Amino acid sequence: MLKGRDLIVLPVLFLMLWFAATASAQMDVPCSQYILPNGLHLILHEDHTLPLVSLNLWYHVGSAREQPGRTGLAHLFEHLMFEGSAHVPLGRFDQWLEAAGGDNNASTTNDRTNYFENVPKSAIELPLFLESDRMAYLIDSMTPAKVDVQREVVKNERRQSYDNQPYGMAPIIIDETLFPKDFPYHWPVIGSMEDLTAASYSDIVGFFRKYYTPANASLVIAGDIDTGNTRALVEKWFRDVPGGKIIPDTTFVVPLLTENRRVIKEDKVQLPRLYLAWIAPKQFSPGNAELNLASFILAGGKNSRLYKRLVYELQIAQDVTAFQDEREICSEFYVIATARSGHALTELERIIRQEIDTLGQIPPADREVQRAVNQIQVDFLDQLESTAQKADQINEYFVLTGNPDYFNQDLERYKTAKAPAISNVVRQFLGQAKGVTLSIVPEGRTDLAAQKDLKRD
């Protein structure tokens, strides 16, 4: 009979054996690629594990493609795309998919807008029809009245998610402080109230006609499919959609801050919260993987450096997290910590910067690096369990690297990362670089904010 220590050792041995087995394993995610005459890039991946199919359509437009004074249009279309098209009456998009046993959703980021459906394999033509109809004929059924309704919906979403949400304005304040006004990450994905109001109907129609075209889109279909038959179905439904113009890539010079910028915001909150943010390398570029590993070493779980110092040992923080918001032009690295009652954010900032400096000066131990790699690998492989997530990852790889089957190369970046390289990027992008320090404090308690450090600022 297994007892005590044996029950503890078995899971550890299992994990060790599992990682040893997968460390050198190559993931096989074969993809077939085609370009339709109208420019639509089609990527097909067969996965016969379950009788399900996931469609994942990326339009290569997000808030970064907008112009100052006309922000929020990409996210507005995330709503308008469900308001009916020429052959799909209002409300039928969801109803028909649900009746077929499917589901759908959409999301918008700075760099892209994504629409996706998951259906039984027998219903694959339904989402193809729905997506092709709104790509070709959305404007035919769109009216100023529909636009105005969704304009108000988006404004209300902004109020609920940002303006009236405790700590909700933090990401908007940080981006506005971190980037200059003409840089495409300066404004939020959801846009501003003023810009949403100012956008005319012709502005909105023009935005759709420019960006929502086959030439500016990539479609991934993954799941229980036959590649030849599926390609024929895609051609059937999309071949008559006008291609549109290819949108050239725009080169942006990533800004560098010459000073640490400090912002204090009073909010209806109980506890003060500290946000430290820096500009980081763009996704998949040199230094990107090492900074992801650094985020796990600093605050990836209860054994991480910052969690042990701030939460366990000193007991001056309720929580602490670190992560990299990865983007196409450049990324952002965050450390966020909430103070315990009776403690000011200056205390938290001092410890956080001490740990960042230490990591930048002394390479992390091999066990710390391996633990971070293991955490990333678990998350990575867990994501592949879902056909829908795998389809979205294929699309991301294609758009950002040109290779839809970039899975092995992506994971290899972490497996081969060395401790000195992690230390170097921490020193370069977090220790020596200037960033933003945001203190969100209870109303009337600016004394709890992180105070200026004359040695650093």
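**Helix packing and pockets in a predicted model**

Student: In this predicted model, at what angle do helix 10 and helix 11 pack, and how far apart are their axes?
Tutor: Helix 10 covers residues 288–299 and helix 11 covers residues 305–313. They pack at an angle of about 30°, with axes 3 Å apart.

Student: Is helix 10 roughly parallel or roughly antiparallel to helix 11?
Tutor: The angle is about 30°. Angles under 35 degrees count as roughly parallel. Therefore helix 10 and helix 11 are roughly parallel.

Student: Which residues of helix 11 meet helix 10, and how does the contact divide by class?
Tutor: Helix 10 brings Ile297, Leu298 and Ala299. By class, the contact has five nonpolar, no polar and one charged residues. The partners in helix 11 are Arg305, Leu306 and Tyr307.

Student: Is helix 6 mostly covered or mostly exposed, and how many of its residues are buried?
Tutor: Helix 6 runs over residues 170–178 and is mostly covered. Its buried residues are Ala170, Ile172, Ile173, Ile174, Asp175, Thr177 and Leu178.

Student: How much space lies in the largest pocket, and which residues are closest to its centre?
Tutor: The largest pocket holds about 990 Å³ of space. It is lined by 37 residues. Closest to its centre are Arg65, Ile247, Asp249, Thr250 and Glu328.

Student: How do the lining residues of the largest pocket divide by class, and which helix supplies the largest share?
Tutor: The lining has 18 nonpolar, 10 polar and nine charged residues. Helix 8 (201–211) and helix 14 (387–401) each supply at least two. The largest share is three residues, and it comes from helix 14.

Student: What is the volume of the second largest pocket, and which residues lie nearest its centre?
Tutor: The volume is about 570 Å³. The lining counts 26 residues. Nearest the centre lie Thr109, Asn110, Val189, Asp325 and Arg327.

Student: How many charged residues line the second largest pocket, and which element gives the largest share of the lining?
Tutor: The lining has 13 nonpolar, four polar and nine charged residues. Helix 6, strand 9 (317–325), strand 10 and helix 14 each supply at least two. The largest share, four residues, comes from helix 14.

Conventions: Residues numbered from 1 in each chain as written. Predicted model: local features only at pLDDT ≥ 70, side-chain atom pairs only at ≥ 80, totals over all residues. Heavy atoms only, no water. Buried < 20%, exposed > 50% of the residue type's maximum accessible area, 1.4 Å probe, protein only. 1 Å grid on protein atoms, 1.4 Å probe; cavity = no way out; pocket = protein on both sides within 12 Å on 5 of 7 lines; lining within 4 Å. Points joined across faces, edges and corners; volume = space filled by probe spheres on them. Nonpolar A, V, L, I, M, F, W, Y, C, P; charged D, E, K, R; others polar. Axes fitted to C-alpha atoms, helices over the stretch in contact; angles between N-to-C directions. Parallel < 35°, antiparallel > 145°, perpendicular 65-115°, else oblique. Contact = heavy atoms within 4.5 Å.
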